[in-house]
Amino acid sequence: MRAKVFRIFCGEYTADPAKLQAKKYMKVGLRNTPFLPMTNDHGFGFVTGTTKKTGAPIGSVDVVLYRRETTEKIWRIKSDEQGNYKFRNVAKGAECFVVALDPNREYNAVISDGVVVK
C-alpha cells in the first residue's frame, strides 16, 4: 500500500487547474489560513480582557500587547463594542503587558502588567 503525500501551497498564488488535474492534485478549501509562528513572540497562545471606563465596559479602544522583557510591541488591536479583546497567535508562557488607550483622551492609558500568555 502506497502512502499518500499531501503538499500545501500558500500565498498569493493561483494554481492552473489543468496542470493540477494532469498531476492528479486536488484543490481543498480551508476555512482559515494555517498559522505558522515566524518569531519568538508568536505562537499558539492568547490573551483576553475587557476595556472599561469607570467600571463600565467601553468599546472601540486601542489595545496594545508588549513583550515584558524586551518592551517590543507584539500586536495592536481594537476592543469590540462590548469592550472585549483577544490577542491571538502569541507565544505561550510569554510574560507581557497590555496598554489600553482612552479613545476620548479623558483618562490616562491603563496598563496591565505581568500578563502571562495562556
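I looked up Val98 and found that its bridge partner in E8 is Ser112. Strand E7 (residues 95–101) pairs with E8 in the antiparallel sense over five bridges; strands pair if DSSP finds at least two bridges between them. Strands here are DSSP runs (E, at least two residues), numbered from the N terminus.

I noted that the model is predicted: local features need pLDDT of at least 70, side-chain atom pairs count only at pLDDT 80 or more, and totals for chains, interfaces and linings use all residues. Residues are numbered from 1 along each chain as its sequence is written, and side-chain values use heavy atoms, with hydrogens and water left out.

I then traced the sheet. The open sheet has four strands in the order E5-E4-E7-E8, with antiparallel pairing. Strands E5 (73–78) and E8 (110–116) stand at the edges with a single partner strand each, so one side of each is left without a neighbour in the sheet.

I next searched the whole structure for aromatic pairs and found two. Rings of Phe, Tyr and Trp (its six-membered ring) pair if their centres lie within 6.5 Å; planes under 30 degrees apart count as stacked, over 60 as edge-to-face and the rest as tilted. The rings of Tyr66 and Phe97 have centres 5.0 Å apart and planes at 15 degrees, so this pair is stacked. Tyr66 lies in strand E4 (residues 62–67) and Phe97 in strand E7, so the pair ties together parts 31 residues apart in sequence. Tyr85 and Phe87 form an edge-to-face pair, 5.6 Å centre to centre with 65 degrees between the planes.
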